[in-house]
Structures are given as C-alpha cells and as structure tokens.
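Visitor: Please show me the structure, and let us discuss how its chains meet.

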2 protein chains.
Amino acid sequence: MIPQAPCPATIEINEVGPRDGLQIEQRFIPTAEKIRWIDALSTTGLARIEATSFTSPKAIPHLADATDVVNGIERRDGVEITVLVPNLKGTERALACRVDELNLVMSASASHGLANLRMTPQQSIERFSEIVSMARESGVFINASLSTTFGCPFEGVVPQARVLELIEQLVALGIDGVTLCDTTGMANPAQVKALCEAVITRWPSTAFTLHVHNTRGMGLANALAAWQAGITRFDAALGGLGGCPFAPGATGNVCTEDLVHMFEAMGVNTGVDLDALLEVAATLPELVGHEVPGQVVKAGKWDRRYPVPAR
Amino acid sequence: MIPQAPCPATIEINEVGPRDGLQIEQRFIPTAEKIRWIDALSTTGLARIEATSFTSPKAIPHLADATDVVNGIERRDGVEITVLVPNLKGTERALACRVDELNLVMSASASHGLANLRMTPQQSIERFSEIVSMARESGVFINASLSTTFGCPFEGVVPQARVLELIEQLVALGIDGVTLCDTTGMANPAQVKALCEAVITRWPSTAFTLHVHNTRGMGLANALAAWQAGITRFDAALGGLGGCPFAPGATGNVCTEDLVHMFEAMGVNTGVDLDALLEVAATLPELVGHEVPGQVVKAGKWDRRYPVPAR
C-alpha cells in the first residue's frame with residue numbers, strides 16, 4: 001500500500017478572471033472598471049490575482065491597458081499581483097510596474113502552441129530562458145503556465161512523459177512555479193491525480209498550481225483530485241469566466257467562488273472570505289454584460305435555509 | 001494508516017430522469033413520448049431506470065400515467081425497472097405491472113418529510129413496514145431513498161448519527177438497498193466520503209446508492225468522493241433534469257451523461273454506451289421544451305478534436 005499524501009489543510013487561490021477571464025470577452029471593460037474590480041477582489045483574501053497581460057495591444061486589445069491597470073490598482077499586503085508576459089518587451093513593462101510574479105505561457109503540444117502563440121514548445125522554452133535571464137535579478141517570482149498539459153484540442157492526449165520532459169526543462173531554467181493547465185477541459189480526476197502526484201514527488205521545491213476549466217463539468221472534481229494529491233495552489237476565474245478561442249462551446253475556467261465554497265464546506269482553509277467574494281461575484285454580470293456560469297451565487301451557500309412552506 | 005477501500009472498477013447507473021426529472025417539469029409529457037424516451041434509454045446500458053411514480057395523480061399529475069408507462073415500455077434483460085411507491089395502493093399498482101424494484105421515499109429531517117410527504121421520519125418508517133410486508137413475497141427488490149441525508153433546506157445539517165439511526169431501522173425492516181440523497185445539493189465531498197465509508201463498513205450486505213444534485217456545482221466531485229469510498233451505484237438524471245420544489249433556483253440532479261463521461265474517461269466501467277446515451281440526451285431539450293444543464297452534449301466528449309485554425 002502506497003502511503004497517501006495528506007490532503008492539505010490550507011490552499012491558495014489565484015484569481016485569473018481579470019486576465020484569462022477577460023481576454024475572450026466581447027466588449028472592452030474600461031480601465032477604471034477593471035481597477036475597481038481588482039481592488040474589490042483584493043480585499044477578499046485571495047492569495048494572488050492575475051491582473052492583466054503585458055502582451056501586444058494588437059494581439060489582445062481587451063488588455064491593452066495593462067500598465068494603467070497595474071499602476072492603478074491598490075497594492076495590498078498578502079495579495080500578490082501576477083501578470084502574463086509573452087516576451088522581453090512585456091517583461092520590461094511588467095517589471096517597471098513592480099509586479100510580484102511573472103506568468104509565462106507555453107503549450108505542451110506543438111499545434112496548440114503554434115495556433116495560440118506562434119511558437120513550438122521548444123521555441124517557447126528558448127524565449128523563457130531570455131525572460132528568466134532578464135527578470136532573475138529583480139527577485140520576482142517566475143511562473144510558467146503549461147497549456148494543454150492534460151490534452152490538446154487538436155492533437156488529443158499529450159503523453160505524461162512529454163509533459164514531465166517539458167517541466168524538467170522549465171525547472172532547469174530556474175522557473176519557480178509551474179501551472180498545469182487543462183486549457184479546454186479535457187482532464188479527468190484520475191489523470192489529474194496521477195500527474196499531480198508525479199510532479200510533486202519529482203520536484204518538491206517547485207510550486208505547482210492546477211488550472212482547470214469546467215468545459216465538461218469536471219472542474220471541481222478535478223480540483224478535488226489535485227488537492228488529494230497534495231496540490232495547494234489553484235487558478236480559478238470569478239463567475240467561471242473565460243474559455244478557449246479554439247474550442248467553441250466550451251465553458252470557462254473553474255469558478256472561483258464555487259471552488260472556494262467547496263473547499264470551505266470541506267473544512268479546508270482557502271484564506272478567502274467567501275461572503276465577500278460572493279458579493280464581488282454578484283456584480284460580475286453587470287461588469288461583463290452577460291450571465292456567468294457560477295452556481296453558488298445563484299443557489300446560495302450550502303447552509304442556506306429556506307422557510308418551511310405553508311401547508 | 002487506515003487502508004483505503006479500492007476504488008471500484010465497475011459502477012451501475014440508475015437513470016431517474018423519467019421520475020425525479022419529470023416531476024417538477026412545467027408541461028405534461030405525453031405517455032407515448034415518455035415510453036419512447038424510456039425505450040431509447042433502455043438500449044444504452046443503464047442498469048436501472050426509475051420509470052415513474054405510482055403516487056396519487058392529484059399529487060403529481062405529470063406522472064398520472066404510471067401504469068400505462070410501465071405497461072407500455074419494452075422490458076429488456078439487464079435493465080431493471082424501478083418505480084417510486086408512496087403507499088400500499090401504489091405498491092399494489094406497481095406490483096401488478098411486474099416492476100423489478102420498488103423505491104420508497106422518506107426524509108431524514110422531519111420538516112422536509114412533513115413538507116414533501118406529510119409524514120415525519122417515524123411515520124414513514126411505519127408506512128415502509130406495511131409496504132415491505134405486502135411486497136416481500138413478490139421477490140421484488142425494495143429500496144429506500146433517504147432524502148435530506150446530507151442536509152435539509154429547512155433545518156440545515158442533519159447529524160450523521162441521526163442518518164445512521166434511520167438506516168439501522170430501514171435495514172431492520174428488511175430493505176434491500178438505501179439511497180443516500182443530497183436532495184438540494186448541500187453535500188460536500190468530505191461529508192459524502194465520510195458517510196459512504198461509514199455505511200458500507202457497517203452494513204456490507206445493503207446496496208447503497210448515491211443520489212446527488214448539482215445545485216452548487218459539486219455533483220461530480222461528490223460522486224467521485226463516493227466512488228473513492230466504494231460506492232458502486234449512482235442515481236443521475238439525463239441532461240441534469242430535476243430539482244427540488246422547496247429550493248427554488250437550485251439546478252437539478254447530477255447529469256447522467258456527464259457522470260458516465262467522467263467515470264468512463266477515468267477508465268471505470270459504467271456499462272453504458274456513452275455515444276448512445278449522448279444521442280438520447282441530445283433529444284431532451286425537444287422532449288421537455290427547454291435547455292438542460294448537461295455539459296458534455298454541448299462540449300463533446302473529452303477526446304473531441306478541433307481542426308487547427310488557419311493561420
């Protein structure tokens with residue numbers, strides 16, 4: 001019998017709504033509204049907020065205001081601000097704003113990398129090497145998000161051996177954390193548990209984060225499986241915003257408030273004030289101009305009571 | 001270290017859509033359409049179908065055609081037909097149709113029992129005793145569904161000790177199986193795992209089924225936790241139909257095709273031909289006249305491939 005890893009008593013939530021959530025929205029959210037939203041989020045006990053992406057304004061016009069957003073938000077102790085950076089120019093802009101973390105993104109599968117980033121995995125690794133060289137002495141935390149870790153919408157299954165080989169290269173570069181991304185919601189709990197156990201065992205000093213989508217309803221089940229494997233860091237998007245442009249019909253990221261609700265109901269400490277988070281989540285349909293998938297905002301928390309109906 | 005129960009290699013699905021799913025629908029589904037639907041379901045490898053309820057037509061007008069439905073459907077080897085029976089009269093009608101299983105329903109909490117069935121738990125147990133006496137010699141399988149096992153929308157938490165005490169009484173009556181029902185989606189995976197482990201250990205020859213709702217997004221996570229505890233029987237409703245009249249805004253039962261999809265992706269044998277089930281699920285919006293929550297019908301199975309976009 002293999003001893004089971006103890007299920008962690010405490011986890012950390014990385015809110016990716018302002019970046020991953022917004023980038024496929026139809027309308028541009030005005031900078032002031034983004035700042036108000038992030039400021040509201042940063043009072044709820046989230047460990048980390050992915051505030052924006054320092055990418056070319058042409059590539060993602062919705063996030064063209066990256067510098068203004070990061071310079072405009074209130075910085076709070078205990079809430080790290082992370083941003084996506086695609087290249088050296090973005091890194092330079094991000095570092096000038098004194099972010100706490102850089103998030104580099106690559107795909108585990110070549111066809112997704114070429115479609116999404118115009119780079120093969122190997123080209124991404126080379127790019128990351130340059131970014132690490134530039135950013136290292138700033139002391140910023142450097143995270144790499146590995147898209148299509150659990151499967152590629154073009155290629156299908158990505159073999160676990162291939163994923164481990166890429167992580168090996170990322171660790172060798174000096175990357176501090178790696179996010180295992182189920183970009184289009186293909187992962188199942190058995191697969192998540194197996195990969196999470198493998199990476200935690202092999203690289204105990206690397207900070208691993210799970211990033212899942214709820215495309216096929218398995219978002220929370222996959223998060224549960226990762227937690228059982230010892231994962232303590234979870235990406236999630238408020239309201240379940242987001243999606244993948246290459247998998248139409250797919251719903252978005254796992255919903256932050258639903259994830260926090262599940263773990264808090266289980267007695268796991270998320271650090272988040274769920275009531276405060278639900279208040280922010282309730283404002284989301286107005287902010288983005290449409291309904292969002294999150295369920296706890298609609299149903300209420302598990303301990304919600306109803307009046308006994310009249311006989 | 002407590003040895004972990006092995007996760008079961010095979011599970012059984014009990015489709016509750018035609019009964020639990022339909023009873024809160026707005027429109028009456030014509031008998032012929034119900035029969036066509038159940039006949040289609042019974043070719044997909046489901047172990048059991050809860051076809052209807054032999055309740056008073058006044059109480060649930062949508063299921064007033066119970067006898068015609070059960071007599072009209074094609075009976076197939078390997079597919080058990082179960083029906084809800086609330087009393088002796090319903091039992092007599094059900095037995096006359098040669099059903100395979102009777103499903104008796106009671107609540108673990110008094111206020112829900114009184115609101116839903118006009119009976120306290122103790123009154124329900126007495127009623128069950130009469131039904132068991134009448135039905136025993138027919139050889140039919142007798143199941144008891146215990147509503148609000150994981151929480152009551154009026155009273156809140158139902159203590160596990162109270163639930164175990166009620167199950168003890170059910171087992172003493174000679175009930176063959178007990179369904180643990182999370183009637184309004186209040187359960188979390190830690191609670192599900194703890195209760196399932198407790199009942200399996202204590203009553204190894206009773207057939208336990210998990211019945212969860214996806215009200216707060218935890219349906220599949222709760223099913224996963226139950227499976228990890230050794231549960232092999234799962235209630236689910238096609239498309240995620242259903243709900244609870246006393247918890248407005250709550251979404252329905254865990255979705256059959258999403259549940260089958262998760263377990264099949266994990267390599268667990270559900271006995272179900274998922275493609276055939278998805279075909280039936282795709283006809284559901286037309287049958288019930290509205291969209292349904294199921295996600296795999298919309299997103300496709302986990303291994304769905306997309307064409308690489310043009311550059």
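The questions below concern the interface and the nonpolar core.

Guide: This is a predicted model, in which local features need pLDDT of at least 70, side-chain atom pairs count only at pLDDT 80 or more, and totals for chains, interfaces and linings use all residues. Residues are numbered from 1 along each chain as its sequence is written, chains are lettered from A in the order in which they are written, and side-chain values use heavy atoms, without hydrogens and water.

Visitor: How much area do chain A and chain B bury between them?

Guide: Buried area is the accessible area (1.4 Å probe) that two parts lose on being put together, summed over both. Of the area buried here, 62% is on carbon and sulfur atoms. The total for chain A and chain B is about 4,100 Å².

Visitor: Which residues of chain A lose the most area to chain B?

Guide: Three residues together account for 17% of what the chain A side buries. They are Arg216(A), Trp302(A) and Tyr306(A).

Visitor: How many salt bridges are there between chain A and chain B?

Guide: A salt bridge requires a side-chain nitrogen of Lys or Arg within 4 Å of a carboxyl oxygen of Asp or Glu. Between chain A and chain B, the count is zero.

Visitor: Which residues have the most contacts inside the largest nonpolar core?

Guide: Such a core joins buried (under 20% relative accessible area, 1.4 Å probe, protein chains only) Ala, Val, Leu, Ile, Met, Phe, Trp, Tyr and Cys residues through side-chain atoms within 4.5 Å. The largest has 190 residues. Those with the most contacts inside it are Phe234(A), Phe263(A), Phe234(B) and Phe263(B).

Key: Buried means under 20% relative accessible area, exposed over 50%, partly exposed in between (1.4 Å probe, protein chains only).
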